[in-house]
Amino acid sequence: MIVLRAGHGTGDSGAVGPTGLQEHDIAADVVQRIGHLLRAHQVAVQEFTNNRRSEAMTWLRNHTADLYVEIHCNAATGKAKGTETWWYTGWGKHVAGCVQQNVVEYLRTPGGWYLPAYPDADRGIKEAVAGSRAGNCIRGAACGGLLLEMLFIDNRREEGLLRLPTVRQEIAQAVADGIIRAADTSGGTK
Ligand SMILES: [Zn+2]
């Protein structure tokens, strides 16, 4: 069982890009795409597309899950760029490695007019230590978790990428494949 939550929502748009793209809308769209792809591979999924984190945590306390996944867009100075994945606990780290590798590989591969090769996409995987922003998001999940910061929504170029359904679908595919691949190499998900 994989639990997916879109960052922000319930009145909080999250970060907003230079042309008005809203983080929560993009995260919710990608969560739905990941859910669809995982179900197609017979992986059980619980989605929280527009819910407070506390609702997801309550759900986790009452059910058995393999992994908790939050999807966000990054924001910093407008100039920062790339993808990073935060992890909590052992299996979370393994899956984070697979997801990060898949997303970066996609972004580095030329994909037509909308996606020239993007060599600086890899910001790596990072441990969501206690007290960190990502830690506050995912450490409540006893099953372990990961938080994907897809791209920087406040970077004009990356906002433009996030706006494209094709890019969102490919990122969702990269995440779903990463979860499935991690499950295959470590005993599977239920
Ligand atoms: Zn966020």
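At what angle do helix 1 (residues 23-40) and helix 6 pack, and how far apart are their axes? The two helices pack at an angle of about 50°, with their axes 8 Å apart. The model is predicted: local features need pLDDT of at least 70 and side-chain atom pairs count only at pLDDT 80 or more, while totals for chains, interfaces and linings use all residues. Residues are numbered from 1 along each chain as its sequence is written.

View 1. Helices (H or I, at least four residues) and strands (E, at least two) are DSSP runs, numbered from the N terminus. Axes are lines fitted to C-alpha atoms, for helices over the stretch in contact, and angles run from 0 to 180 degrees between N-to-C directions. Helix 1 and helix 6 are therefore oblique to each other; angles under 35 degrees count as roughly parallel, over 145 as roughly antiparallel, 65 to 115 as roughly perpendicular and the rest as oblique. Their crossing is right-handed, a crossing being left-handed if the near helix is turned anticlockwise from the far one by less than a right angle, and right-handed if clockwise. On the helix 1 side the contact is made by I26, D29, V30, R33, I34, L37 and L38. The helix 6 side supplies R168, Q169, I171, A172, Q173, V175, A176 and I179. Two residues are in contact if their C-beta atoms, placed from the backbone, lie within 7 Å.

View 2. From helix 3, the residues H94, V95, C98, V99, N102, V103 and Y106 meet E170, I171, A174, V175, D177, G178, I179, R181 and A182 of helix 6. N102 sits in helix 3 (residues 90-108) and counts as buried because it has 21 C-beta neighbours inside 10 Å. A residue is buried if 20 or more other C-beta atoms lie within 10 Å of its own, exposed if 12 or fewer, and partly exposed in between, with C-beta atoms placed from the backbone. Leaving aside residues up to four places away in sequence, N102 touches A174, D177 and G178. Between N102 and V175 the C-alpha to C-alpha distance is 7.1 Å, at a separation of 73 residues in sequence.

View 3. An open sheet is formed by 6 strands in the order 2-1-3-6-4-5, with mixed pairing. Strand 2 (45-48) and strand 5 (122-127) are the edge strands, each pairing on one side only. On average, neighbouring strands are turned by 15° against each other, direction ignored. Two strands pair if DSSP finds at least two bridges between them. Helix 3 lies across strand 3, strand 4 (83-88), strand 5 and strand 6, and runs at about 170° to strand 4.

**View 4. Strand 3 and the strands paired with it.** Strand 3 (residues 67-74) runs parallel to strand 6 (residues 145-152), joined to it by 6 bridges. Along this pairing, Y68 has G145 as its bridge partner, and N74 stands opposite F152. Strand 1 and strand 3 also run parallel, with 5 bridges; here R5 is partnered by E70.

**View 5. The nonpolar core around L146.** The largest nonpolar core has 60 residues, and V99, I138, L146 and I179 have the most contacts inside it. Helix 6 (residues 165-184) gives the most to this core, with 10 residues. Such a core is a set of buried Ala, Val, Leu, Ile, Met, Phe, Trp, Tyr and Cys residues joined through C-beta atoms within 7 Å. Residues touched by L146, not counting those up to four places away in sequence, include V69, W86, V95, V99 and I138.

**View 6. H8 and T10 in the loop between strand 1 and helix 1.** H8 is found in the loop between strand 1 (2-6) and helix 1, and T10 is placed in that loop too. Phi of H8 is near 70° and phi of T10 is near 45°. H8 is buried, with 22 other C-beta atoms within 10 Å, whereas T10 is exposed, with 10.
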